[in-house]
Amino acid sequence: MAERTTPSIPAKLAGVGRRLQALFESREKGPAKPTRAPGETAVEKSSHPSMPSAFGVLVRKEIADHIRSWRFILLLGIIALTCVASLYTAMNSIREALGSENGVHDFVILKLFTISDGTLPTFIGFVGFLGPLLGIGMGFDAINSERNKGTLSRIMAQPIHRDDLLNAKFAASLIVISFMFITLGLLTMALGTLIIGIPPTLEEFLRIISFLVVTICYVGFWLNLSITFSVRFRQPATSALSSIAVWLFFSFFFDMILQLLSRGLAPSTASATVQDVMSYQNLMLWLGRLSPYTLFNEATTTLLMPSIRNLGPLTQEQVYGAIASPLPFGQSLLLVWPQIIGLAAATLICFAISYVLFLRQEIRGRS
Amino acid sequence: MDTVIDIQELTKSYHDTRAVDRLSLQIKRGEIFGLLGPNGAGKSTTILMLLGLSEPDSGSISVLGINPTREPIPVKRRVGYLPDDVGFYEDRTGLENLMLTARLNRIPDNQARERALELLEQVGLTHAAHKKTGAYSRGMRQRLGLADVLMKSPEIIILDEPTLGIDPTGMEELLRLIRKLSREQGLTVLLSSHQLHQVQQICDRVGLFVRGRLLAEGDVGSLSRTLFADDPIMITAELDELVPELRDAIGSIPGVHQIEVPPAKSGPAESNDTLTRDLPIKVLIRADRDCSPEIARTVVNAGVRLFSLNRQQHGLDEIYHRYFAGGEEHGRTNDAKHTG
């Protein structure tokens with residue numbers, strides 16, 4: 001409550017770890033921080049110029065905690081196993097896919113992520129389903145476990161800003177998640193290259209990297225959601241359950257509700273004009289996009305399947321004359337740009353909520 | 001001696017209850033001040049406001065000349081705070097926990113390590129420096145907490161219920177340690193507790209804090225004088241019998257206004273016993289002034305055997321029972337008595 005004199009969220013988020021220290025300091029010194037207590041950073045910097053900021057120290061500590069924890073190892077194991085499994089099924093069916101398309105070997109590496117022989121979901125299917133679990137698992141006890149262990153008030157009594165802790169929790173988890181997904185994605189690509197024997201083109205590589213960035217955004221959303229719940233609820237079990245409830249809602253029930261709605265809203269087939277059908281389709285599409293799951297699916301499938309040319313309904317005349325060729329990378333990215341922004345915005349909204357909640361909360365001992 | 005903590009008319013409410021009610025308090029450099037009060041008196045709230053972790057509704061605070069509500073960071077750099085029931089990262093060792101605190105205070109690692117080991121020795125935890133804090137006992141945790149607070153070489157340390165949940169030996173050790181550190185390093189110590197008896201031994205001054213208000217402050221002697229100014233002095237005499245003539249004689253001593261024989265605590269079967277009947281009778285005398293010499297003379301002149309004569313000082317027990325025991329409810333009835 002008392003420490004609202006803090007710099008803006010982007011200014012704080014900018015300092016990710018020690019390597020971005022320089023950037024962080026230059027921002028702090030910049031004009032964007034008139035709210036900080038006067039003289040305070042100047043003293044810090046001049047007395048020990050080489051010491052990392054409190055934020056950097058906390059990020060390092062959090063990353064170390066994550067990597068040492070059993071929870072992280074378990075989650076990593078689950079994700080790694082599913083990736084291996086989906087790679088295996090993709091390998092089984094990739095021969096058929098390659099054989100049937102009479103010599104068209106475009107985007108073979110991308111197919112590793114998107115096809116399956118039907119026994120197991122695809123790579124992106126798995127990531128879409130298990131990514132939230134990973135995010136929730138990393139964040140659901142971020143603040144309330146500190147509170148329950150009695151460490152929160154001890155850390156808060158140190159000369160740090162109150163938001164440093166929250167920012168560090170978020171940044172550290174996101175760094176760990178990013179490393180994990182980038183490693184897994186590159187490993188899958190490398191294994192695929194080794195087994196198939198066709199190296200990825202630059203475009204494929206860029207597509208995979210952007211797919212990984214979207215995945216990180218998506219997992220970051222769930223991470224932030226669970227951090228928000230961990231600020232709000234005192235018991236880790238409550239916050240974990242609430243996060244899982246939201247996850248289940250968007251994974252299963254949201255679609256069911258949409259179906260119910262669509263039945264009610266559908267124009268009658270006898271009297272509907274093209275206009276009616278179009279507006280109805282668009283409405284359903286936008287309603288569906290309220291779910292981060294839909295956004296993620298649209299974004300990743302478009303990025304990994306260049307043959308997808310659009311995400312909404314098309315009229316006959318729009319299709320007329322179009323060449324059925326894959327989209328270039330830039331166009332695919334342009335197509336899903338709104339989805340990516342949507343995911344990032346959802347993440348930021350959750351973060352803002354947890355930020356405000358945390359700054360307004362009273363720091364007491366365990367209670 | 002300059003004032004390092006200056007609180008003026010501090011008020012803080014939660015919803016409709018007043019946690020701290022127009023509190024004014026000054027603490028001087030180098031003294032050990034005990035903030036004593038029952039649970040829920042507002043001690044922790046006051047401490048949180050001193051550190052800028054909570055915002056006051058009105059009133060002003062100055063810690064080392066800085067307003068902690070507006071500038072919490074410079075205050076927290078120079079003030080150490082040991083929270084109520086402190087916790088540590090349980091999968092880290094004691095030393096690692098101290099090193100984290102040092103880094104957050106921007107102490108270079110090599111200096112910090114030296115200081116941490118030195119402090120661990122001072123609090124007697126050298127043997128456990130490389131043990132994970134999850135395996136620490138409660139007393140060890142509190143001592144590690146003290147080392148943690150001292151890592152940043154503070155000018156003031158604030159300890160919230162430092163003795164809670166420790167066995168009597170451990171408590172005495174911890175308090176002695178606090179006193180020693182305070183004397184050696186000229187630290188100002190503010191400690192809160194509801195364990196009046198133990199804590200007052202090391203405090204230079206205490207403040208009695210009940211229901212958000214500071215009832216009295218000073219050393220224990222002056223405290224009882226202010227608190228019991230209007231109360232009669234109690235004199236207990238042990239006699240072998242109390243004949244009515246003697247009762248009248250004592251009653252006629254100037255100043256005495258009540259004589260009372262408290263009922264025997266033993267059951268009827270025991271009182272019939274010849275042995276217990278020979279035991280002296282306790283007589284409780286209330287007087288406006290100290291008239292024990294006259295009472296003694298009267299008793300001896302009457303030919304009654306006097307076993308003991310005891311003038312009861314209003315000590316901590318009285319203070320404790322009057323203000324602390326029963327917690328909030330007691331506080332309320334006393335409030336009513338005082339205002340009415």
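Hi everyone, let's start with a sheet in chain B. Four strands form an open, antiparallel sheet there, in the order β11-β12-β10-β13. Before we go on, please keep in mind that this is a predicted model.

Which strands of chain B stand at the edges? They are β11 (256–260) and β13 (306–312); each has a single partner strand, so one side of each is left without a neighbour in the sheet. If you follow the sheet across, the twist from one strand to the next averages 20°.

Now look at one pair of strands. In chain B, β10 (residues 233–239) and β12 (residues 281–287) run antiparallel to each other and are joined by 7 bridges. To find one of the bridges on your screen, pick B:E238 and look for its partner in β12(B), B:K282.

Next, the helices that go with this sheet. Helix α9 of chain B, residues 244–251, packs on the sheet and touches β11 and β12 of chain B. The direction of α9(B) makes about 150° with that of β11(B). Then there is α12 of chain B, residues 292–301, which lies across β10, β12 and β13 of chain B. Relative to β13(B), α12(B) runs at about 165°.

Let's stay with α12(B) for a moment. Which of its residues are buried? They are B:I295, B:T298 and B:V299. These three cover an arc of only 95° around the axis, and therefore sit on the same side of α12(B). Here is a handy rule: an α-helix has 3.6 residues a turn, so residues three or four places apart point the same way.

What do the buried residues of α12(B) pack against? Their partners are β10, α9, β12 and β13 of chain B. After α12(B) comes B:G303, with a positive phi near 80°.

Now over to chain A. How many helices and strands does chain A have? There are 16 helices and 0 strands. Chain A has 367 residues, and 37% of them are buried.

Finally, where the chains meet. The contact takes 28 residues from chain A and 31 from chain B. On the chain A side, the elements giving two or more residues are α3 (40–47), α4 (54–68) and α9 (152–156). The largest share, 4 residues, comes from α4(A). By type, that side of chain A divides into 11 nonpolar, 7 polar and 10 charged residues.

Key. Residues numbered from 1 in each chain as written. Chains lettered and ligands numbered in written order. Predicted model: local features only at pLDDT ≥ 70, side-chain atom pairs only at ≥ 80, totals over all residues. Contact = placed C-beta atoms within 7 Å. Nonpolar A, V, L, I, M, F, W, Y, C, P; charged D, E, K, R; others polar. Pairing = 2+ DSSP bridges. Axes fitted to C-alpha atoms, helices over the stretch in contact; angles between N-to-C directions. Buried ≥ 20, exposed ≤ 12 C-beta atoms within 10 Å, placed from the backbone. Arc of directions from axis to C-beta.
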